[in-house]
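Subject: Structure handover

Hello,

Here is the structure I promised to pass on. Please open it alongside this email.

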Amino acid sequence: MEYGLYNIASATTTVLIPKNGTRGLINSISICNTHASTAATITLFLDDDTNQSYITNGVRLFAGTTMLLDHDLSFDNSVLALKLTNTGGTPLSVIIK
């Protein structure tokens with residue numbers, strides 16, 4: 001799959017951009033709940049292996065809807081990872097630009 005595109009098929013925590021990876025410059029993140037009827041509960045956060053800084057925390061994303069975060073989301077990924085936790089409906093489609 002193309003870098004920056006993610007299809008999340010289970011309710012779990014997914015590392016979108018790993019710590020010490022090559023991509024910390026982010027302009028936008030789109031998260032779409034493509035499930036036909038079940039809402040997803042989304043937490044998007046930065047993690048330094050000890051602490052988490054939340055971009056969203058427990059946002060309910062109803063079936064068939066998309067959340068667009070379009071403010072500057074850049075971070076230093078030499079020390080931080082970007083992770084997404086979903087505790088509801090799947091699949092989710094995530095696009096990072």
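Below are notes on the sheet, the core and the salt bridges. Keep in mind that this is a predicted model.

**Sheet**

Start with the open sheet. It has four strands, in the order S1-S8-S3-S6, and the pairing is antiparallel. Strands S1 (5–8) and S6 (66–69) are the edges. Each has a single partner strand, so one side of each is left without a neighbour in the sheet. Neighbouring strands here are turned by 10° against each other on average, with direction ignored.

Inside this sheet, look at S3 (residues 29–33) and S8 (residues 92–96). They pair in the antiparallel sense, over five bridges.

**Core**

Next, the largest nonpolar core. It holds 21 residues. Which of them touch the most other members? They are Leu16, Ile29, Leu82, Leu84, Val94 and Ile96. At least two core residues come from each of S1, S2 (13–17), S3, S4 (40–47), S6, S7 (81–86) and S8. S4 gives the largest share, four residues. As a general point, nonpolar side chains tend to be buried together in soluble globular proteins.

Leucine 84 deserves a click. Leaving out residues up to four places away in sequence, its contacts include Ile8, Leu16, Ile31, Ile42, Leu44, Leu92 and Val94. Threonines are on the list too: Thr12, Thr13, Thr14 and Thr43.

**Salt bridges**

How many salt bridges does a search of the whole structure find? Two.

One joins the side chains of aspartate 49 and lysine 19, at 2.9 Å from N to O. Aspartate 49 sits in the loop between S4 and S5 (52–61), and lysine 19 in the loop between S2 and S3, so the pair ties together parts that are 30 residues apart in sequence. Aspartate 49 is exposed, with a relative accessible area of 57%. Lysine 19 is partly exposed, at 32%.

The other is between lysine 83 and aspartate 47, whose closest N and O atoms are 2.8 Å apart. This pair links distant parts of the chain: lysine 83 is in strand S7 and aspartate 47 in strand S4, 36 residues apart. Are these two residues buried or exposed? Both lysine 83 and aspartate 47 are buried.

Aspartate 49 is exposed, whereas lysine 83 and aspartate 47 are buried.

Best wishes

Definitions and conventions:
Residues numbered from 1 in each chain as written. Predicted model: local features only at pLDDT ≥ 70, side-chain atom pairs only at ≥ 80, totals over all residues. Heavy atoms only, no water. Pairing = 2+ DSSP bridges. Axes fitted to C-alpha atoms, helices over the stretch in contact; angles between N-to-C directions. Core = buried A, V, L, I, M, F, W, Y, C linked by side-chain atoms within 4.5 Å. Buried < 20%, exposed > 50% of the residue type's maximum accessible area, 1.4 Å probe, protein only. Contact = heavy atoms within 4.5 Å. Salt bridge = Lys/Arg side-chain N within 4 Å of Asp/Glu carboxyl O.
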